[in-house]
Amino acid sequence: MLPLLAATPASAREIRVMMLGDSITAAYGLARGQGLPARLEAALRERGRDVRVIDAGVSGDTTAGGRARLAWALADRPDAVIVALGGNDGLRGIEPRASAANLNAILDALKQRNLPAMLAGMLAPPNLGADYGRDFAATFTSIAQARPEVVFYPFLLDGVAGDPAMNQPDRIHPNEAGVAELVRRMLPAVESLLARVPTG
């Protein structure tokens with residue numbers, strides 16, 4: 001008599017995490033397999049997580065661009081979303097209130113769809129002045145404070161920004177070592193996000 005096969009638990013299904021971002025997400029200057037989504041997926045799988053990280057990065061995208069294409073991006077049916085936008089807003093000196101409105105609209109749309117979200121913060125370049133830099137950074141922290149349901153990772157480029165050894169020659173985009181460091185630092189926050197994905 002053949003032994004009965006154990007049923008696969010519903011919680012064992014693959015979890016799909018979408019990264020809505022810009023050139024940092026889109027692996028600018030790197031092979032696609034060395035970009036942030038691919039390396040994050042690999043790190044999670046090494047930890048035994050059955051996770052697919054969907055690359056929804058568009059180089060040059062702003063928070064407005066991410067907001068405009070969100071519905072299209074969600075056609076990939078993610079279970080959770082990492083919002084990693086804002087770097088180009090800072091580079092262009094976009095009014096922080098406009099960036100905040102776009103990010104809030106994105107997070108509202110995700111909440112309406114019951115999709116757990118993680119918000120990755122960003123800092124503005126110092127050449128735009130201290131006042132702008134302070135207001136820009138506060139955009140992300142204020143949103144996070146108002147939305148306790150959102151996992152907040154304060155600075156996407158933490159440990160990498162400004163370090164020549166971690167960046168490509170443009171000193172803006174992480175190289176392979178920089179991506180590895182981003183992944184290492186982000187993992188706890190991403191695992192907090194995964195814990196919010198309903199099972200079954």
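**Exercise 1. Locate Ala98 and state whether this residue is buried or exposed, or lies in between.**

Solution. Ala98 belongs to helix H4, where helices are DSSP runs of H or I with at least four residues, numbered from the N terminus. The model is a predicted one, in which local features need pLDDT of at least 70, side-chain atom pairs count only at pLDDT 80 or more, and totals for chains, interfaces and linings use all residues. Residues are numbered from 1 along each chain as its sequence is written, and side-chain values use heavy atoms, with hydrogens and water left out. The relative accessible area of Ala98 is 33%, so the residue is partly exposed (buried means under 20%, exposed over 50%, partly exposed in between, with a 1.4 Å probe and protein chains only).

**Exercise 2. Describe how H4 packs with H5.**

Solution. Helix H4 (residues 96-112) and helix H5 (residues 130-146) have axes 9 Å apart, at an angle of about 20°, the axes being lines fitted to C-alpha atoms over the stretch in contact and the angles running from 0 to 180 degrees between N-to-C directions. The two helices are therefore roughly parallel to each other, a term for angles under 35 degrees. The contact (heavy atoms within 4.5 Å) involves residues including Leu103 and Leu107 of H4 and Phe136 and Phe140 of H5.

**Exercise 3. Determine which residues of H2 are buried.**

Solution. In helix H2 (residues 63-73) the buried residues are Thr63, Gly65, Gly66, Arg69, Leu70 and Ala73. Seen down the axis of H2, they fall within an arc of 150°, so they line one face of the helix, the arc being that of the directions from the helix axis to the C-beta atoms. On the face turned away from this buried side, H2 carries the exposed residues Ala68 and Ala71.

Terms used
Parallel < 35°, antiparallel > 145°, perpendicular 65-115°, else oblique.
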